[in-house]
Amino acid sequence: MTFGLRKRLSKERGFSLMPRAMAISSSSCKLPLVAVCQVTSTPDKQQNFKTCAELVREAARLGACLVFLPEAFDFIARDPAETLRLSEPLGGRLLEEYTRLARECGLWLSLGGFHERGQDWEQTQKIYNCHVLLNSKGAVVATYRKTHLCDVEIPGQGPMCESNSTMPGPSLESPVSTPAGKVGLAVCYDMRFPELSLALAQAGAEILTYPSAFGSVTGPAHWEVLLRARAIETQCYVVAAAQCGRHHEKRASYGHSMVVDPWGTVVARCSEGPGLCLARIDLSYLRQLRQHLPVFQHRRPDLYGNLGHPLS
């Protein structure tokens with residue numbers, strides 16, 4: 001296993017493009033460090049866990065307080081039937097392993113998209129795409145079930161109908177206080193809906209996270225553009241752990257995991273293949289930026305109304 005940009009820690013700074021009037025003065029080494037993991041999940045759940053655990057332990061060794069894993073960190077199956085067969089409840093064996101891992105390493109874990117058999121499994125025979133947040137004691141502190149399901153047909157990428165096996169979540173999760181800041185939870189396709197990111201920011205989020213498994217056609221066109229847009233419009237850090245490479249004969253993912261600061265600058269990025277990258281989170285910088293560019297005070301909800309309706 002190689003670890004992406006492990007030696008390129010200069011990416012942790014990421015503040016050089018800001019005007020001098022907004023420059024930070026605190027020592028960067030005192031700022032919380034987060035790690036973003038990039039993996040190539042397969043249908044082999046135990047091998048996937050071994051790969052993720054190795055990256056998490058490396059992140060802990062490097063001093064990270066919060067580690068982000070991508071959507072489908074548990075597995076990527078060949079078809080909906082295999083997806084349902086491999087799924088587990090939150091109280092199953094796999095989450096127990098991650099609970100022990102969080103305790104062992106003494107850090108928080110963002111498990112970006114777990115194939116969850118919910119309480120309605122017996123009735124629906126469908127699962128949830130569940131983003132699970134564990135604290136450093138291994139306790140589940142938040143669960144967000146993906147609200148926007150990816151039912152799309154992209155020429156050259158093949159159709160995807162997530163709703164064949166997955167139920168949409170009923171609600172957003174309030175941002176959660178972590179050692180790095182208040183984290184707003186989302187999953188992959190959610191990033192195409194700015195209403196969600198604005199709602200999380202208005203609820204207090206300082207870090208938005210979009211664990212993903214982006215395709216090879218939409219990835220080069222939209223991945224970085226959308227992530228930077230979400231960071232700029234919400235003035236939040238955006239953390240995006242991604243799947244990469246070929247999972248099996250039917251599916252591949254774009255990769256390019258990254259962290260974007262509230263100015264819209266990519267401050268950390270994974271190289272090709274499995275690995276991790278690191279970034280410092282500077283909340284004083286975030287607050288300073290929001291003070292100098294107070295867009296939330298300038299919004300006109302009296303004009304916009306409800307932007308969630310379908311196009312006519």
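Start with Arg78, Glu82, Arg85 and Glu249: salt bridges link these residues in a network. The model is predicted.

**Inside the network**

Zoom in on arginine 85 and glutamate 82. Their side chains form a salt bridge, 3.6 Å from N to O. Both residues belong to helix α2, residues 80-86. They sit three residues apart, about one turn of the helix. In an α-helix there are 3.6 residues a turn, so residues three or four places apart point the same way.

Now colour the pair by accessibility. Is arginine 85 buried or exposed? Its relative accessibility is 56%, so arginine 85 counts as exposed. Glutamate 82 comes out at 11%, so glutamate 82 counts as buried.

**Two bridges across the chain**

The structure has 15 salt bridges in total. Two more are on this tour.

Select glutamate 206 and arginine 287. Their side chains meet in a salt bridge of 3.9 Å, N to O. Glutamate 206 is in the loop between α5 (194-202) and β10 (207-209), and arginine 287 is in helix α7 (residues 283-292), so the bridge ties together parts 81 residues apart in sequence. Glutamate 206 is buried at 12% relative accessible area. Arginine 287 is partly exposed at 49%.

Next, select glutamate 224 and arginine 269. The closest N and O atoms of this salt bridge are 2.9 Å apart. This pair also links distant parts of the chain, 45 residues apart. Glutamate 224 is in helix α6, residues 218-234. Arginine 269 is in strand β15, residues 266-269. Glutamate 224 is partly exposed, with 27% relative accessibility. Arginine 269 is partly exposed too, with 26% relative accessible area.

**Helix α1**

Move to helix α1, residues 45-61. How far apart are its end C-alpha atoms? They are 24 Å apart, which agrees with the 24 Å that 17 residues should span at 1.5 Å a residue.

Look at the N-terminal end. Aspartate 44 caps α1 there, with a side-chain oxygen 3.3 Å from the backbone nitrogen of glutamine 46. Then go past the other end to glycine 63, which follows α1 and has a positive phi, near 100°.

Finally, show the buried residues of α1. Among them are Phe49, Cys52, Leu55 and Val56. Lys45, Asn48 and Glu58 are also on the buried list. Which elements cover these buried residues? The cover includes helices α2 and α3 (93-105). Strands β1 (33-38), β2 (66-69), β3 (108-116) and β16 (275-280) contribute as well. Helix α2 brings you back to arginine 85 and glutamate 82, which both lie in it.

Terms used: Residues are numbered from 1 along each chain as its sequence is written. This is a predicted model: local features need pLDDT of at least 70, side-chain atom pairs count only at pLDDT 80 or more; totals for chains, interfaces and linings use all residues. Side-chain values use heavy atoms; hydrogens and water are left out. A salt bridge is a side-chain nitrogen of Lys or Arg within 4 Å of a carboxyl oxygen of Asp or Glu. Helices (H or I, at least four residues) and strands (E, at least two) are DSSP runs, numbered from the N terminus. Buried means under 20% relative accessible area, exposed over 50%, partly exposed in between (1.4 Å probe, protein chains only). The expected span of a helix is 1.5 Å times one less than its number of residues. Contact means heavy atoms within 4.5 Å. A polar contact is a pair of N or O atoms within 3.5 Å; within protein, one must be able to donate a hydrogen and the other to accept it, and residues adjacent in sequence count only if both atoms are side-chain atoms.
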